[in-house]
Amino acid sequence: MNAAPPKIRRAVFPVAGLGTRFLPATKACPKEMLPVVDKPLIQYAVEEAASAGITEMIFVTGRSKRAIEDHFDKAYELESELSRLGKTRLLEDLRMMLPKNLRFSYVRQFEPLGLGHAVLSARALVADEPFAVLLPDDLIDSETPVLKEMVRLYEQTHASVIAVQEVAPTEVSQYGVIKPGTFDGRLMPIADLVEKPRMDEAPSTLAVVGRYILDPSILHHLSALPSGKGEIQLTDGIRAMLKTRKVLAHRFAATRYDCGSKLGYLKAQVAYGLKHPELGDAFDTYLEEMHDARITQTAAGRGAIANARVA
């Protein structure tokens with residue numbers, strides 16, 4: 001009988017990026033702190049990790065990321081002011097923001113040398129245990145949190161698990177793309193992995209998105225990658241690990257919003273705004289009014305053009 005695999009206790013959040021696609025908003029504010037309705041992206045990611053039973057949150061940060069540390073710290077002055085003003089509900093919401101058993105650690109990535117290098121920067125904190133990696137840019141709306149599903153699959157298979165999603169052939173050059181092995185429902189072994197292939201060279205249209213459960217041997221493979229080639233890609237480390245370890249792809253059934261792009265971020269705002277318990281109904285009414293007004297304006301514009309042609 002096989003022994004139970006080690007528990008997934010730690011999650012790594014690579015948050016050192018500059019967020020240049022959202023300038024000037026991210027000039028002084030980390031992109032991970034951009035809110036979707038009333039919570040920053042990084043909080044959604046931490047909540048997903050906590051829902052999977054993870055208690056140690058490791059942030060790989062860079063310069064100008066202090067706001068992330070402050071967000072997960074106790075705000076004595078703010079709590080005191082809310083108490084003084086009698087805003088007990090806001091105070092309680094603030095105190096209950098996250099489970100009390102979570103621990104937060106921070107390590108600095110001194111150079112922007114790629115996702116693999118960011119993960120490798122957390123090596124001392126990860127130790128010799130399997131761990132999760134979450135990219136906050138990928139906001140995944142799922143009834144059962146995707147990482148929770150992945151931890152369950154890891155416990156059943158004792159293998160690394162990577163989240164994948166079908167993308168359009170024209171989009172494969174933006175992702176790491178897997179070459180799948182024998183298909184088994186939504187779970188399949190990965191035969192190979194290619195970073196940002198051309199459309200005519202992609203082994204499939206199953207793209208890796210920002211959720212990973214990784215065997216600790218990935219750290220050895222990342223550190224053994226040839227130096228002097230620029231960025232260290234996590235994809236290359238996983239490819240090396242495939243030679244000795246099974247890695248599984250989890251084709252999750254959920255909606256993902258790419259909040260690293262402005263359009264994806266706007267889509268997330270609408271989707272999460274509509275399901276917000278306090279604002280959803282009013283926001284839905286507002287969107288319907290906007291839609292009706294746009295139809296009326298379009299019809300009026302067409303009528304004016306038709307009249308002009310007749311005249």
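1. Ground rules first. The model is predicted, so local features need pLDDT of at least 70 and side-chain atom pairs count only at pLDDT 80 or more, while totals for chains, interfaces and linings use all residues. Residues are numbered from 1 along each chain as its sequence is written, and side-chain values use heavy atoms, with hydrogens and water left out.

2. Take a look at Ser204, in the loop between β10 (187-195) and β11 (206-214); strands are DSSP E runs of at least two residues and helices H or I runs of at least four, numbered from the N terminus. Ser204 is buried at 15% relative accessible area, where buried means under 20%, exposed over 50% and partly exposed in between (1.4 Å probe, protein chains only). A polar atom of the Ser204 side chain sits 2.5 Å from the backbone oxygen of Ile178.

3. Arg211, in strand β11, is also buried, with 2% relative accessibility. Its side chain gets to 2.8 Å from the backbone oxygen of Asp138.

4. Now the cores: sets of buried Ala, Val, Leu, Ile, Met, Phe, Trp, Tyr and Cys residues joined through side-chain atoms within 4.5 Å. The largest has 35 residues, and Phe13, Phe59 and Ile213 are among those with the most contacts inside it. Elements supplying at least two residues each include β1 (10-14), α1 (41-51) and β11, but α7 gives the most, with six.

5. There's also a second, separate core of 30 residues, including Ala118, Leu214, Ile218 and Val247.

Notes. A polar contact is a pair of N or O atoms within 3.5 Å; within protein, one must be able to donate a hydrogen and the other to accept it, and residues adjacent in sequence count only if both atoms are side-chain atoms.
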